[in-house]
Amino acid sequence: MSEAVVTLHFSVDGEDFTSAGQASVQVKKSLRQLGISPEIIRKVSIAMYEGEINMVIHAGGGEADVLIYEDHIEIRLDDHGPGIANIEMAMQEGWSTAPDNIRSLGFGAGMGLPNMKRYTDEMKINSVLGEGTHIVMKVNL
Amino acid sequence: MKIRQIQELLDAEIVCGDDHLDREVYSACGSDMMSDVLAYVKDQAVLLTGLVNTQVVRTAEMMDMVCIVFVRSKVPTQEMLDLAKENDMVLLKTKKRMYEACGKLYAGGLVGNKTAK
């Protein structure tokens, strides 16, 4: 596989729900500067935003990498949170383990992972209970 | 529909963005659940919500939304205002409740529900 043309790295702060989404905002700006089409930018930034929110809600933060290749964009999310017990269930719309205080902020409706799948062309989840979750998403250009 | 018409129909107060009142919007979404908003991409949309926190503006930013209407006289925070200004968004607030506000816009002709995925 050819090497990534541009790589972006972010640390997602798990303590602060207010600032969640800042990495996605940066990605959005960078993709715009690279002249990527608005539709692709929207797909990538929404998928990444949901991922970022998930890391803040469930995992106390984590790392996010965005790799831009000639023909696709790859988003890698890594956290050291509790892991996902049942990925099949977690992929169902409406299924969530988020606490009530998160719901009152407008998230935790069980749409995060399904939305990430909806906006990407490929999505792989690797999760180990007690160790963390690694997600790789691809959006074709 | 122009944002100006939304403001008139909802008898809304302009919180910020009065330079952009002539922008067109083609669809609307009324929800307090941001993930539901994120599930349906629409072009140049307006978001109606009773929820007040910075993630509301971030969600709208991710969706390229051009206007947010806060229902039930909810007041956005300074941080939300700053974020909205950065993104050339119009923020409006209305005394109307969500049901009535959505109904007024729909009856006023804002019925577009184009999904772009």
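I took a salt bridge to be a side-chain nitrogen of Lys or Arg within 4 Å of a carboxyl oxygen of Asp or Glu. The model is predicted, so I noted that local features need pLDDT of at least 70 and side-chain atom pairs pLDDT 80 or more, while totals for chains, interfaces and linings use all residues. Residues are numbered from 1 along each chain as its sequence is written, chains are lettered from A and ligands numbered from 1 in the order in which they are written, and side-chain values use heavy atoms, without hydrogens and water.

**Salt bridges**

I found a count of 11 salt bridges over all chains. In one of them, A:Lys124 meets A:Glu122 at 3.6 Å, N to O. For accessibility I used relative accessible area with a 1.4 Å probe and protein chains only: buried is under 20%, exposed over 50%, partly exposed in between. A:Lys124 is exposed at 53%; A:Glu122 is partly exposed at 36%.

I then looked up B:Asp32 and B:Arg72, whose side chains form a salt bridge at 3.8 Å, N to O. B:Asp32 is in the loop between β2 and α2 of chain B and B:Arg72 in the loop between β4 and α4 of chain B, so the pair ties together parts 40 residues apart in sequence.

**Sheet in chain A**

I read strands as DSSP runs of E, at least two residues, numbered from the N terminus; two strands pair if DSSP finds at least two bridges between them. In chain A, 5 strands form an open sheet in the order β1-β2-β3-β5-β4, with antiparallel pairing. The edge strands are β1 (6-13) and β4 (122-128) of chain A. Strands β2 and β3 of chain A are joined by 6 bridges.

Notes: Helix = DSSP H or I, 4+ residues; strand = E, 2+ residues; numbered from the N terminus.
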